[in-house]
Amino acid sequence: MAPPTKTAAAPKEVKLTTKDTNTLKTLSKLFDERKYKKAIKQADAFLKIHPTNVDALCFRTLTLYGLNLKEEAHAAGKQVVRDNMSSFTAWHTLGFLHRNDKNFPEALKCFRTAHRNNKESVQILKDMSLIQIFQRDYPGLLDSYKTLLHLQPGYKGHWIGLITTYHLMGSHSQAIFILDEFINVLDQENEGIRRSELILYKVQLLDESNELDKALSLLKSDAKFIVDKLWAKNKTGEIYIKKNMLKEAEKVFTDLIKLNPDNMNYHKKFWESKGIKSIETITKEQIEILKPIYAEWGELNPKSFVIQKIPLNFLPSDSEGFLIRLAKFSRHFLVKGIPSLFNNLKSLYNGGDDKKSKVIEKFFEETLQSLIEKGTLVGSDQQESPSTLLWCRYFLAQHYDRVGKIKESFEQIDKAIEHTPTNVDNYIVRAKLLKHNGDLVGAAQQYEHARQLDLADRYLNTKSALYALRADERDNASKIFKTVIDPNDSTMFNISEYQCMWYENELGQSYYRTGDNAMSLKALHLVDKAFTEFIEDQFDFFNHMQKKLTLRAYVDFLRWEDQVYKNKPFLDAAKLLVKVYLTLLKKPYVKPVETTQSSAGVATAAETASAPPTTTEPTATTTPVVKENEKKQNNKQNNKQTPPPPPKKDDDDEVEVDEKNKVDEDPLGEKLATVPNLLEQANKFLKTMLKFNPDSVDAHLLACQCYLEKRKYLLIIQSLLKVKQVVPNHPLIFKNVVAMYRQVEQQADTTDASVKKILEDEKANLFDGATSLLQFVEQYAAKHKDSHAHQFIAGEQLYHLTKDSAKALDLIVNSVSSSATASWDNCRENLVHLKSVFCDIGKIDQSFADNLIQQYTEKCKIRFPLANYFQPPKSIEQSTEESTTTTTTTTTTTNGTSN
Amino acid sequence: MAIDYSSFIELGDLTDKNIGQLKLLNTSVLPVSYDDKFYQKILAAPFITKLAFYNDVLVGAVSCRVDPPVNAGEPQTLYIMTFCVLAAYRKLGIGKKLLEFVETTCAKNNYCKVTLHVQVNSDAIDFYKKYDFTIESTIQNYYRNIEPTDCYLMAKLIPVDPSAVTTTTTATNPAANNNNKNKK
């Protein structure tokens, strides 16, 4: 951000000599060159002669800020304002400080006051307008642009600003009116892309204000000026659909598909022009319409996966066409050895029935048989490459995994490995199979094996880090990840710098799993930080847009920004953040035991026994190396922090406040975990989550927990009703209802009478016909015998209600083995919950708690033999021994890893 | 009906990034195993390695060493240290392509002879004979940990341009010129 202008000397001041004015000019120059130390000396010297000169005082303030003395700068800035209440420079300066502190509402206030004191300053208005866009203060923004135009009527940027403001406010007709004036009067010399952009922007405005005929005729009349022909054509088609001119629309999208057969949007619009809303709800008649069209297109575009695949989506599984298409589609992948066949067919498994997956299974089993026996594909006499068999097995392994045939899936991938041990993709799939069955440690090792085969592959490098994180081997993950990022900085710094949100989220989850809530917060807050940066990106594009006239893209961008918190990475981070805060509320942060080691040592101490990072290290030498590196790095950082005595004056003068040189002030997340208002912190994320994802079941359920802490019972009911709409039988609805009524009973004296009345009335609705809480719980447990999640929660609540440990234990422990719905990962989640919340709040009997955890773990171990989480922690020899047996079944590959 | 497999076969270079694949290939196919030191040293001269890919998957490889001339003034020779093709991918012309590479290398650099050791019961003997290698001698107890322990020394003479013989001592090794082009 540029500093505000230092225009106009202060009025009513002692008249300055030419020399003084020159000094001020030098000061300005020094400031611009970021030579802050020299600047401050100059300013101080000047102020000795003119102690009340506002300009000099403001420069001094800004320089202090530049020197990173933020508090002093603010104090100085405020003082200047206090002494010169009507000085616009003083207010402008203070606003600048706030803006750079990202305190935008305050900055806006200051800029407004500055503007009131000098209505002629363009710079103030420009600075103010940027903040107004940022704050979506459209009326204010409109005023700013109008004033700017009054001051500089010939400046095009102000016109553009005015037009987009009207557009964003929803006054399309005004925007169009001014845009026309602008094009006719001011911008006639515009040619090429700039002219094209303005025309297309007008089309967008007309389209949005439903002036469809005008939009169409503009597209036609100005066609020769339009550069972005594809957008124009696509828009024309869309408008035809809006106007229900389906024949015309069909022609447009047919043309577009010819140009680019792989654009799914064109296909979707084409279906729409045929009266087909979605491929999932297609009718028989509609299938007959599409069939010949796609048959023809298929012939014309043999290389377009999209065209080749679409018929598989709409053709019914029992039709002859489906099988023929399937054979044709998969042949290409098998013969050429393209690994993504399964990924391409995956969507066919999603439909409500499993008919298609059965046809696929039969087809590939027959193909496999034919390849083994004759070396040919079904219905062909052409000898295939040996690799065709490999890729067929490779596909089948993934298919069996998808349909839950664990044994068969491993059998196929192991045979594929035996056939072509050098195929890297084999190991990727095997790692995936292990992961799906809960052997996260084995999966990480398997993936690392794949990575070692091709160290130049960025995909393998990142994915292997991901697998390590999933196995809670964070040190390993960080080591692997250093191959794709700057290895000289810490991983924490790098992921933040690169906005690598998947890593941040996975890291947060891993820390949470192993009980390090503070570090979990630290990782997850990095995701939030990245989103804040996305929001601030808005400042960067305004000037670019003014120059290039990319108004369409700019408006789309601002609209995207409005919805940015809808994105999954934020939702994921926010959900876990709330969870962690709620956990910390029940189980406050405890400082880890101090070790003599530096940060690396603490990190290892924070690891739980389930995944000590050193056990996975084949050589013991690596750990000290890492520590040494870190130490070096710390030294480096320290050096940068305290600059050495200046050898050259100039160098010392240029103080750059670089984020990179900042020392991590909260390396363990301690500060984040010990804020006094944990619930408020949770609430902050909850609010954003619910605002942008009002239909998220998880968000509402987390909200219930927060509301329970705050005793906002009516809000709980509201959220639960919302959840019921989406997932009527969600087990957590039950949990929250019971928890709420239990709490109300306990705190009956202090609960508001009218609230109690409502809760009493709602009972009939929420208790499923039961008359008491206990009856409700027992009835619920009996009703949902087949669901693991329901049983688990029923047992937990029963214990809270009756302290009947035998019965609760029975429900919770047997939920693992008795129901088909249990999966290793939700059992793991339950176990984490048992350990971190249920058994840890000190309110339950210790022997019961120990017994419960032990028995639950035992049952999980039997049910999910591959899942490491339920296995006891291994010693070093055990784990390496294990790895060779689990990693590979063929001797060849074992040699490959152990050499 | 057979298809032309040769269009699927491509030769490629060894790099420090894909050396893991070569190691895995050799361990899978060869009865003799080599230690990490072996794989570290073959990346540079005087070693020459060529990899064979089938549809982008490594299925065969040859590693050679340039040996000094037997008598001073004579041209250098080439010794094949490892040569293998995955069992499933044999008889497709992959070995032939690798051998062609070896011979072209010899011709280019005036190496007058290719030699190799092969276990006396190996299927590979027929393969080498097919390409005009002859058995020069039998060495007893050549191998230590595998049975049978005897091997043949096989060789093939490469016609050399006599005028170039004197320059062979300074001939550059193609391995050194290998641009370490990355496959992905």
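Is A:D472 buried or exposed? A:D472 counts as buried, at 5% relative accessibility, where buried means under 20% relative accessible area, exposed over 50% and partly exposed in between (1.4 Å probe, protein chains only).

## Basis

This is a predicted model, in which local features need pLDDT of at least 70 and side-chain atom pairs count only at pLDDT 80 or more, while totals for chains, interfaces and linings use all residues. Residues are numbered from 1 along each chain as its sequence is written, chains are lettered from A and ligands numbered from 1 in the order in which they are written, and side-chain values use heavy atoms, with hydrogens and water left out.

## Chain A

Chain A has 48 helices and 0 strands; helices (H or I, at least four residues) and strands (E, at least two) are DSSP runs, numbered from the N terminus. Of the 899 residues in chain A, 51% are buried. Among contacts (heavy atoms within 4.5 Å) in chain A between residues at least 6 apart in sequence, 62% join residues at least 24 apart.

One residue pair illustrates such separation in sequence. A:M519 sits in helix α29 (residues 517-536) of chain A and is buried, with a relative accessible area of 9%. A:M519 and A:P667 are 148 residues apart along the chain, and their C-alpha atoms are separated by 8.3 Å. Not counting residues up to four places away in sequence, A:M519 touches A:M492, A:Y511, A:P667, A:L668 and A:G669.

## Nonpolar cores

A nonpolar core is a set of buried Ala, Val, Leu, Ile, Met, Phe, Trp, Tyr and Cys residues joined through side-chain atoms within 4.5 Å. The largest has 266 residues, of which A:F364, A:M740 and B:I94 touch the most other members. Helix α32 (residues 568-586) of chain A supplies the largest share of this core, 11 residues.

With neighbours within four places in sequence left aside, A:M740 is in contact with A:L708, A:Y713, A:I716, A:I717, A:L759 and A:L766. Another core, of 31 residues, lies apart from the largest one and includes A:L47, A:L67, A:A73 and A:F88.

## Interface of chains B and A

The interface brings 27 residues of chain B into contact with 31 residues of chain A. The two chains bury about 2400 Å² between them, 58% of it on carbon and sulfur atoms; buried area is the accessible area (1.4 Å probe) that two parts lose on being put together, summed over both.

On the side of chain B that touches chain A, α1 (19-29) and β3 (57-67) of chain B each supply at least two residues. The most comes from α1(B), with 7 residues. By class, this side has 15 nonpolar, 7 polar and 5 charged residues, where Ala, Val, Leu, Ile, Met, Phe, Trp, Tyr, Cys and Pro count as nonpolar, Asp, Glu, Lys and Arg as charged, and the others, Gly among them, as polar.

## Backbone exceptions

Most residues other than glycine have a negative phi, and most peptide bonds are trans. A:D472, in the loop between α25 (458-470) and α26 (474-481) of chain A, has a positive phi near 60°. A:L549 also has a positive phi near 60°; A:L549 lies in the loop between α30 (538-548) and α31 (551-562) of chain A and is buried at 2% relative accessibility.

In chain B, the peptide bond from B:A45 to B:P46 is cis, with omega near 5°, and B:P46 lies in the loop between α2 (36-41) and β2 (47-54). Another cis peptide bond joins B:E147 and B:P148, with omega about -15°; B:P148 lies in the loop between β6 (134-139) and β7 (151-157).
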